[in-house]
Amino acid sequence: MKPNKQTEQRLEVLRHSAAHLLAQAITELFPSTILTIGPATKEGFFYDFQPENNFIQSDLPAIEARMKELAAKNYPITHEDISKDYARELYKNNPFKLELIDGIPGETVGLSRQGDFYDLCRGGHVPTTGDLKSIMLTGISGSYWRADQNNAPLQRISGTAFFNDKELRTYLMQKELAAKYDHRKLGKEMDLFSFQDEGTGFPFYHPKGAFIINKLKDFIRNIWTNNGYHETITPAILDVALWKQSGHYENYKKHMYFSTVENKEYAVKPMNCPGSILIYKQNLHSYRELPLRLAEFGHVHRFELSGVLHGLFRVRAFTQDDTHMYCAPEQIEAQIVSSIQTIDKVWKTFGIEDVHYAVSTKPANAMGSDDLWNIAIDALKNGLTKAGKEFEIYEGEGAFYGPKIEVTIHDSMGRSWQCSTVQVDFFMPQNFELYYINNKGEKQTPVIIHQAILGSLERFFGIMLEHFKGHFPFWLCPTQIKVIPITSDQSQYAQNIYSALKDAGFRTELDESNEPLSAKIKVAQMEKIPWMLVVGQKEMEASTITLRHVTGKQEFGLSLESILEMGRKENKV
Ligand SMILES: [Zn+2]
Ligand SMILES: [Zn+2]
């Protein structure tokens, strides 16, 4: 299923309505509970409550059952605007709602009603509670009013809702798979990475994990080289003055790490753009050099609240395959065609065919002239069309400094991820007074295209680990082949095969243990090594090899030469 803004918005309305339904059920079952807010989330909805006595897990079935009863009653959900005075009267015993009422501009606030129940809300609901039949509650957790630990502690009940039971069932099946192949679990089992208390949110890569990350870098580096990018390396810690000029200090400060040395304030980079720009500024550039494509594996630090950290999906330090293309406005289109072709190829390499593109256009608070925006948006649209891609338009969802292409992929468990981005930027070139000399000998401002294909290597690693269920493609595996002699009689023969594979550059291990064959195979399977070369007396006498794939599929009577040839093919990406 392709993500579609319209479907997403309908789902959001459905789920937010389900949050009201939850609040209605709670109000009926636990009348003394104080209600706060109940938004939709990416996977469902929640409502934060201040109950008289804490809810416990075993309360959930009864609450869910009551929600279903209320859904079956098919109450119309209505919405009206009421005066703030009336609202304050309604909520005179609810300090949270009173605070919300104070925070809403104007003289009126919205109120939604279903049956006897009402809730403060700006609106956006399904027509009746009858639309909320495919719901389920998923858990209870602690939270704080306005997510601030200094505020009142609350209890959050979470759930999800779908348009029908079939979609709900699919979701549950995917959830089950996702839990089974959770990258944090696989990362531990496969000894790839860990997280330590000494560095909350900072991943530690163990040798095999580091190997895969480096392989990914080689893969991207190769793409950069083939597409005219030049790799750079810029410092992790830079003068705060730079971050003030870039606007990060003003807009992004709460996500940044700072350090003071010799009475000078520095910031750890949360993004790589300013460093790249300093390199651009070192030289005078002619139009003949453009587009100038600077690339970097930029290791950035971004502070995130510990509550939102999630394995490699959400960390506090990560590496971006970040590129900055400095070009003339008329060069944007050609660059986009090339970018899209590259992005498409990369995702195909990882077995992901379902890639969805969208162009985000000018928002209300945009900088830059309409002319420049139109040139850039047309360039993005034409670029996508020329690259043979269909795309959606996300009206008004561009950044204030320029339009962008959002790329959403779908993994093997049907989940969608936004990894690649291509972002046109008018703001930073002006802000840093960048220029090039055009063909008339005049100074002209370039446009920057920020692009990342994998996005965060950490997050990508986590996504791929789950997408492949731990079974990375042959070319990425730290160990690709394990040679397994059935008994010690074949030791020498196995040794010869092992040496030949090693010499040919394959990452190979030899199992010299005295375990029975079944045990050796089991170990290799646990290690998720894609190929096992099994050699017994029969193979030795015929100078052949049995190739056992990790999937269990076997190929008999292969020659060493054919194994090498097959391996070389698998290694090509
Ligand atoms: Zn509402
Ligand atoms: Zn950038």
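Let's start with what lines the second largest pocket: helices α1 (5–29) and α4 (95–103) and strands β4 (108–114) and β5 (117–120) each supply at least two residues. Helices here are DSSP runs of H or I of at least four residues, strands are E runs of at least two, and both are numbered from the N terminus. A pocket, on a 1 Å grid over the protein atoms alone, is an open set of points where a 1.4 Å probe fits, with protein on both sides within 12 Å along at least five of seven lines; lining residues have an atom within 4 Å of a point.

A quick note: this is a predicted model, where local features need pLDDT of at least 70 and side-chain atom pairs pLDDT 80 or more, while totals for chains, interfaces and linings use all residues. Residues are numbered from 1 along each chain, ligands from 1 in the order written, and side-chain values use heavy atoms, without hydrogens or water.

Back to our pocket: α1 gives the most to its lining, four residues. Of the 21 lining residues, H16, G38, L120, C121 and R122 are closest to the centre.

Now, what coordinates the zinc ion (ligand 1)? The donors are H16 (NE2), H20 (NE2), C121 (SG) and H125 (NE2), at 1.9 to 2.1 Å; donors are N, O or S atoms within 2.8 Å of the metal (3.2 Å for Na, K and Ca). Their angles are 99 to 120 degrees, so the arrangement is tetrahedral (four donors, all angles between 85 and 135 degrees). H16 sits in α1 and H125 in the loop between β5 and β6 (134–144), so the pair ties together parts 109 residues apart in sequence. Both H16 and H125 are buried, meaning under 20% relative accessible area with a 1.4 Å probe, protein chains only.

Notes. Four donors count as tetrahedral if all angles lie between 85 and 135 degrees; four count as square planar and six as octahedral if opposite donors are over 155 degrees apart and all others between 65 and 115; anything else is irregular. Buried means under 20% relative accessible area, exposed over 50%, partly exposed in between (1.4 Å probe, protein chains only).
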